[in-house]
Amino acid sequence: MPEGDTIHKIANFLAPCLDQQTVVDLRLADTTTARKCIGRCVRDVSARGKHLFIEFDNGLALRSHLGMHGSWHRYPAGSDWQRPLTQLSVALVTDGWEYVCFNAREVEIVRIPSVRERIVHGRLGPDLIADRVDPQMLARRAREFVEADELLADALLDQRVACGIGNVYKSEILFIERYAPGTRMAELTNADLGRCFATAAGLLRRNLGGGRRVTRFEADDAGSLWVYGRTDLPCLQCDTPIKSQRLGRHHRGTYWCPSCQASPIEASDDPNTGRHT
Ligand SMILES: [Zn+2]
């Protein structure tokens with residue numbers, strides 16, 4: 001599943017490939033706007049949270065969001081693609097290469113100033129990888145966008161608060177910071193919230209190199225993640241079986257250790273309602 005670090009890796013890969021390359025063809029559902037970018041030069045490739053921006057020298061940029069199932073591929077011009085045309089979201093063709101995005105959640109051409117405007121107007125929070133992280137400011141943004149009776153898990157995923165944390169990191173951060181999955185915003189101080197986002201920024205940055213996603217850096221081969229995807233397997237800290245459940249605003253899969261992440265009040269058996277049983 002693409003998360004903020006994945007998009008930065010893609011940007012880091014694409015930037016030197018596409019730098020100053022002329023767009024020979026751009027295949028996109030919105031053909032009228034796409035035509036405006038053909039013949040233009042790529043000026044910059046950057047990631048902003050889960051959004052990838054390919055900027056052209058005419059003040060326009062191709063913005064893509066991979067969602068749950070999207071991916072970018074690069075092919076030598078004229079070679080076969082690994083996925084069918086029906087899954088095509090956009091193809092950017094340069095002299096010799098085809099950069100193809102399949103199954104994106106969103107693809108559009110945007111005016112570059114409007115991209116900046118969106119960020120300034122708070123549709124996207126600061127990028128935890130690219131920007132200097134100010135924990136107090138992130139805590140305030142979390143209060144602004146997430147209600148007191150909502151879950152910390154939702155604040156971590158809310159890209160208006162900060163960009164980059166996806167569903168894998170959400171569970172991992174809750175484990176590392178020892179919060180039960182049912183922890184509500186009202187139970188946390190701003191310092192607690194700031195610490196969670198600082199931990200997230202550290203993990204995202206450590207994962208910028210190649211290879212698999214790692215949140216557990218122990219020198220053994222017991223696993224690179226603490227809890228995500230480990231339902232019923234023993235906790236790598238205490239051997240208690242890991243639990244999982246869909247919860248929060250978007251009913252996203254959440255994994256936790258019921259003994260390492262006991263709620264500060266008492267363990268909750270039902271993180272969806274927060275009811276203590
Ligand atoms: Zn445990």
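Visitor: What is the mean pLDDT of the protein chain?
Guide: As this is a predicted model, local features need pLDDT of at least 70, side-chain atom pairs count only at pLDDT 80 or more, and totals for chains, interfaces and linings use all residues. Residues are numbered from 1 along each chain as its sequence is written, and side-chain values use heavy atoms, with hydrogens and water left out. pLDDT is the predictor's confidence in each residue, from 0 to 100. In the protein chain, 90% of residues reach 70 or more, and the mean pLDDT is 88.

Visitor: At what angle do the axes of helix α4 and helix α7 cross?
Guide: Helices (H or I, at least four residues) and strands (E, at least two) are DSSP runs, numbered from the N terminus. Axes are lines fitted to C-alpha atoms, for helices over the stretch in contact, with angles from 0 to 180 degrees between N-to-C directions. α4 and α7 are roughly perpendicular to each other, a term for 65 to 115 degrees, with under 35 roughly parallel, over 145 roughly antiparallel and the rest oblique. The axes of α4 (residues 135-145) and α7 (residues 190-206) come within 8 Å and cross at roughly 105°.

Visitor: Which residues of α7 make the contact with α4?
Guide: From α4, the contact is made by P135, Q136, L138, A139, R140, A142 and R143. On the side of α7, the residues are N190, A191, L193, G194 and F197.

Visitor: Is helix α6 largely enclosed or left open, and which elements cover its buried residues?
Guide: Buried means under 20% relative accessible area, exposed over 50% and partly exposed in between, with a 1.4 Å probe and protein chains only. Nine of the ten residues of α6 (residues 167-176) are buried, so this helix is largely enclosed by the rest of the structure. What covers its buried residues includes α1 (4-18), α5 (152-157), α7 and β10.

Visitor: Which residue of β10 is the bridge partner of R246?
Guide: Two strands pair if DSSP finds at least two bridges between them. The partner of R246 is G253.

Visitor: Which strands stand at the edges of the open sheet of four strands?
Guide: The order is β1-β6-β7-β5, with antiparallel pairing. Each edge strand has a single partner strand, so one side of each is left without a neighbour in the sheet; the edges are β1 (25-28) and β5 (71-76).

Visitor: Which residue stands opposite S71 in β7?
Guide: β5 and strand β7 (residues 97-102) run antiparallel and are joined by six bridges. Opposite S71 stands F102.

Visitor: Is D232 buried or exposed?
Guide: D232 is found in the loop between α7 and β9. Its phi is near 70°, a positive value in a residue other than glycine. At 61% relative accessibility, D232 counts as exposed.

How values were computed: Contact = heavy atoms within 4.5 Å.
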